[in-house]
Amino acid sequence: MSPLTSIIIPCHNSARYFPGLAAALGPVLAAQPERFEAIIVDDGSSDNTGQLALSLIPSAKVVRLDDRGLAAARNAGAAVAKGEFLQFLDPDDTIEPGKLELQASCASVAGADVVYSDWRMVVVRGEVVKREVHAPAQAPCEMIEALLGGWWVPTHCYLFRRSAYAEIGGSDETITVWEDFDLFLRFALAGRRHVYTPGIFCDYYRYLDVTSLARRDPAANGRNRARILFKALETLEHSGGLTLSRRKAAARAFFAVLRTSGISDPQWLGQISAQIRQLDPAFQPLGNPGYRVAARLLGLINAERLAMFFRGEG
């Protein structure tokens, strides 16, 4: 008999998205109902998310939390899931029919704990919806190096084996931004087998009229990402797995933190800059030649301060 897959939908004040989600998910659930279960985790919504979701997806289980965050909502869904595999799906994103069957079959044949496929960005500005063409999402190198270096696919592109999710401790509920990155990296650090299956099965929606948490608070965004990177480096150092290529990838990741966090704390910036140089003493930023010259002459921190000034952020 084919394995059961649990589709976990964490939501918070997400009523606006459920009509579209139900329309897209309905064919997936109806195709083979014995193979799929839907679990809606209503994380402290103040609108009618839970009631609307259940009216549109009546076969779903509903779990209610008191606004504990995305990681906690995913863990709560996984805790009541019965499926061999977990499909996490945010209410503003969609998956295509055939994704779950293909990925579950691939995982079973290959003995994989994580299967992922291609995706495309859908940009929404008001009433204008633009679907972009996306290149194949296969990791360009081994998984840990790829993730450290900035490779990323949305969470709903993945299918996770439920037992493996539990064994690595699920999602870290103390992380409020970049919790997906932390989860993916911990799967890789634990040596869990990843398999790529080609095919665009996911639409990732970016609503330009909605400000994400990462964009609302770039400082928290930067600190969370740095924390995850430091934790990963500690694991790799203890295991002897911090190879040269991984060191260089991590240096690039810390530089991205330096550039995007908007943090003015000199001590914290000094820690990040020192970590970059420790990982890759010959590190040079890519991109704008003027920035590269400034980094070489003034150092990374002063080069970024100068760049922030010219961007009107300083």
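A residue is called buried here when its relative accessible area is under 20%. The model is a predicted one.

**First stop: helix α7.** Select residues 179-189, which form helix α7. Of the 11 residues in this helix, 10 are buried, and the helix is thus mostly covered. The buried set consists of Glu179, Asp180, Phe181, Asp182, Leu183, Phe184, Leu185, Arg186, Phe187 and Ala188. Then move just past the end of α7 to Gly191, where phi is positive, at about 75 degrees.

Select Trp178, in the loop that links α6 (162-167) to α7. Although Trp178 is not a glycine, its phi is positive, at about 70 degrees. Is Trp178 buried or partly exposed? Its relative accessible area is 26%, so Trp178 is partly exposed.

Select residues 158-161, which make up strand β8. In a regular strand, side chains alternate between the two faces of the sheet. In β8, Tyr158 and Phe160 point one way, while Leu159 and Arg161 point the other way; all are buried. Phe85 has Arg161 of β8 as its bridge partner.

Select Asn75 in helix α3 (residues 70-80). Asn75 counts as buried because its relative accessibility is 16%. Leaving aside residues up to four places away in sequence, Asn75 touches Tyr165, Gly170, Ser171 and Glu173. Then select Asp67, in the loop between β3 (61-65) and α3. Asp67 is another residue that is not a glycine and yet has a positive phi, of about 50 degrees. With a relative accessibility of 49%, Asp67 counts as partly exposed.

**Last stop: Gln138.** Select Gln138 in the loop between β7 (128-131) and α5 (143-148). Gln138 counts as partly exposed because its relative accessibility is 48%. Which residues does Gln138 touch, not counting those up to four places away in sequence? They are Tyr116, Asp118, Trp151 and Tyr196. Finally, draw a C-alpha to C-alpha distance from Gln138 to Leu300: the two are 162 residues apart in sequence and 32 Å apart in space.

Methods: Residues are numbered from 1 along each chain as its sequence is written. This is a predicted model: local features need pLDDT of at least 70, side-chain atom pairs count only at pLDDT 80 or more; totals for chains, interfaces and linings use all residues. Side-chain values use heavy atoms; hydrogens and water are left out. Helices (H or I, at least four residues) and strands (E, at least two) are DSSP runs, numbered from the N terminus. Buried means under 20% relative accessible area, exposed over 50%, partly exposed in between (1.4 Å probe, protein chains only). Contact means heavy atoms within 4.5 Å. Two strands pair if DSSP finds at least two bridges between them.
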